[in-house]
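The sequence and structure come first.

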Amino acid sequence: MYAFDYHRPDSLRKAASLAATVEDAKFLAGGHTLLPTMKQRLASPSALIDLNRVKELAGIELRGRTIVIGAMTRHASVEQSPEIQQALPALAELAHLIGDPQVRHRGTIGGSIANNDPAADYPAACVALGATIVTNKRKLAADEFFTGLFDTALEDGEIITKVVFPVASRAAYAKFRNPASRYALAGVFVAKRGSDIRVAVTGAGESGVFRLPEFEEALKKRFSPKSIEGLKVSPDGLIGDIHADPAYRAQLVAVMARRAVAKAAAR
Amino acid sequence: MTTVSMTVNGKAVSADIEPRTLLVQFLRENLRLTGTHVGCDTSQCGACVVHLDGQAVKSCTVLALSCDGATVGTIEGLASDGALHPMQEAFREHHGLQCGFCTPGMIMSAVDIVARCGHHLDEQTIREELEGNICRCTGYHNIVKAIAAGAEAMGASSPMQHAAE
């Protein structure tokens with residue numbers, strides 16, 4: 001890997017002040033996207049600000065009807081958290097489907113959503129559950145946070161501190177994994193909170209995570225896989241690559257949506 | 001250059017390294033612990049798996065400086081007093097390897113699986129948990145058998161000691 005400067009703050013305040021003063025720096029969370037990207041020279045920051053020492057950024061807390069997850073919380077911690085398994089099992093199941101056990105020991109929720117890979121899993125959960133992304137400067141609704149391919153509403157030097165998930169009475173995630181990379185070829189997160197029903201898709205959209213309003217409306221009439229049985233997804237704007245063309249992804253999204261609703265309705 | 005200090009296989013180690021040094025490079029090139037292998041260098045294959053503060057990680061995708069103050073375990077630290085660790089012994093006994101390149105990572109992952117999933121592992125669990133380790137020779141069959149036997153043997157030999165690994 002090419003040379004870079006390295007900073008290791010032990011508090012959020014220090015991390016933020018480094019970001020304000022160090023030129024061309026990037027934050028290092030779990031590093032499981034950033035480091036491979038740097039090895040391939042697809043990213044070349046001149047400095048890294050390592051957040052692994054910032055203890056206040058990690059942890060899981062059940063607060064009333066919300067689950068608060070610190071940005072540096074590892075996927076494995078979400079997967080294994082008894083609080084999350086109890087209150088929002090769909091989120092623990094999603095974390096379990098990321099990468100492999102070793103990757104889940106390092107990768108973080110904050111890193112995943114800050115990167116906003118179109119095939120990442122967490123963006124679908126954030127949008128479907130109506131999560132709030134909290135930074136050191138402000139609070140953002142998930143719908144406003146994810147702004148496009150590898151793009152978010154985060155400003156330069158802004159640090160995600162936690163993600164607040166409302167607990168949904170019924171929620172589930174269905175993912176069709178790329179058999180090699182385990183990234184989502186199509187992943188659908190469905191959540192029902194009272195009368196609010198949201199269906200969010202990852203892995204398939206050229207601009208990253210998106211919602212399926214037609215599916216949401218159909219499910220508001222009756223929350224059952226039958227309600228969306230005939231519904232089709234348009235291949236317009238879907239990703240086409242060596243793994244799957246847009247038409248195939250459109251088909252997968254509809255199938256994953258039905259599976260997710262079936263699972264959520266059975267909860 | 002920045003100084004990094006950590007505990008590797010029970011020994012305190014320290015070195016001046018460049019920030020870009022990966023944990024696997026630090027282990028292999030600074031400490032000469034070449035049992036940890038570099039396979040794909042893209043966190044896919046698992047040949048570089050070591051234990052970082054008790055958890056299996058891919059050391060090709062961790063900066064050595066991120067591990068300052070941490071406890072690291074590698075394949076070289078498993079055997080004690082000239083006797084193979086029960087998981088190593090199980091790989092030997094069940095012929096869980098052919099060329100051997102993936103074996104250190106397989107064994108470090110296997111010990112981690114036991115720590116998380118217990119000593120009685122069914123085939124399905126082992127195969128799913130081996131998601132992050134690739135073997136190009138064996139077809140995995142004997143690796144799966146070896147891990148099941150090694151897990152049982154770890155439970156029989158000294159549950160407290162190995163649970164801590």
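## Salt bridges and polar contacts between the chains

In this predicted model, 6 salt bridges are counted between chain B and chain A. B:Asp68 forms a salt bridge with A:Arg53, and the closest N and O atoms of that pair are 3.2 Å apart. Polar contacts across the interface of chain B and chain A come to 11 residue pairs, with both residues at pLDDT 80 or more.

On the side of chain B that touches chain A, the elements giving two or more residues are β3 (49–52), β4 (55–58) and α3 (103–117) of chain B. The largest share of that side, 4 residues, belongs to β4(B). By residue class, the side of chain B that touches chain A has 10 nonpolar, 8 polar and 9 charged residues.

## Extent of the interface

Contact between the two chains involves 27 residues of chain B and 28 residues of chain A. About 2,300 Å² is buried between chain B and chain A, and carbon and sulfur atoms give 53% of this area. Within chain B, the residues that lose the most area to chain A are B:Arg20, B:Thr61 and B:Glu131; together they account for 25% of what that side buries.

A:Lys39 lies in helix α2 (residues 34–39) of chain A. Its relative accessible area is 19%, and the cut-off for buried is under 20%, so A:Lys39 counts as buried. Apart from neighbours within four places in sequence, A:Lys39 is in contact with A:Met1 and, in chain B, with B:Leu22, B:Asp41, B:Cys60 and B:Thr61. B:Thr61 is also among the chain B residues that lose the most area to chain A.

## Nonpolar cores

The largest nonpolar core contains 39 residues, and those with the most contacts inside it are A:Leu91, A:Ile113, A:Tyr122, A:Leu129, A:Phe165 and A:Phe189. Elements of chain A that each supply at least two residues of this core include the helices α5 (89–96), α7 (109–115), α8 (122–129) and α9 (142–145). The strands β5 (66–70), β10 (160–166), β11 (170–177) and β12 (184–193) of chain A also each supply at least two. The largest share of this core, 7 residues, comes from α8(A).

Leaving aside neighbours within four places in sequence, A:Leu129 is in contact with A:Leu88, A:Phe165, A:Pro166, A:Ala168, A:Ala171, A:Phe189, A:Ala191 and A:Arg193. A second, separate core has 33 residues, and A:Phe4, B:Val24, B:Leu52 and B:Val57 are among them.

## Salt bridges over all chains

Over all chains, the structure holds 27 salt bridges. One of these joins the side chains of A:Arg249 and A:Asp241 at 3.2 Å, N to O. A:Arg249 is buried at 3% relative accessibility, whereas A:Asp241 is partly exposed at 33%. A:Lys14 and A:Asp10 meet through their side chains at 2.9 Å, N to O. In that pair, A:Lys14 is partly exposed at 38% relative accessibility, and A:Asp10 is partly exposed at 45%.

In chain B, the side chains of B:Glu18 and B:Arg20 form a salt bridge of 3.2 Å, N to O. B:Glu18 is partly exposed, with a relative accessible area of 34%, and B:Arg20 is partly exposed with 27%. A network of salt bridges links A:Asp143, A:Arg193, A:Asp196, A:Arg198, A:Arg211 and A:Glu216.

Terms used
Residues are numbered from 1 along each chain as its sequence is written. Chains are lettered from A and ligands numbered from 1 in the order in which they are written. This is a predicted model: local features need pLDDT of at least 70, side-chain atom pairs count only at pLDDT 80 or more; totals for chains, interfaces and linings use all residues. Side-chain values use heavy atoms; hydrogens and water are left out. Buried means under 20% relative accessible area, exposed over 50%, partly exposed in between (1.4 Å probe, protein chains only). Contact means heavy atoms within 4.5 Å. A nonpolar core is a set of buried Ala, Val, Leu, Ile, Met, Phe, Trp, Tyr and Cys residues joined through side-chain atoms within 4.5 Å. A salt bridge is a side-chain nitrogen of Lys or Arg within 4 Å of a carboxyl oxygen of Asp or Glu. Buried area is the accessible area (1.4 Å probe) that two parts lose on being put together, summed over both. A polar contact is a pair of N or O atoms within 3.5 Å; within protein, one must be able to donate a hydrogen and the other to accept it, and residues adjacent in sequence count only if both atoms are side-chain atoms. Ala, Val, Leu, Ile, Met, Phe, Trp, Tyr, Cys and Pro count as nonpolar, Asp, Glu, Lys and Arg as charged, and the others, Gly among them, as polar.
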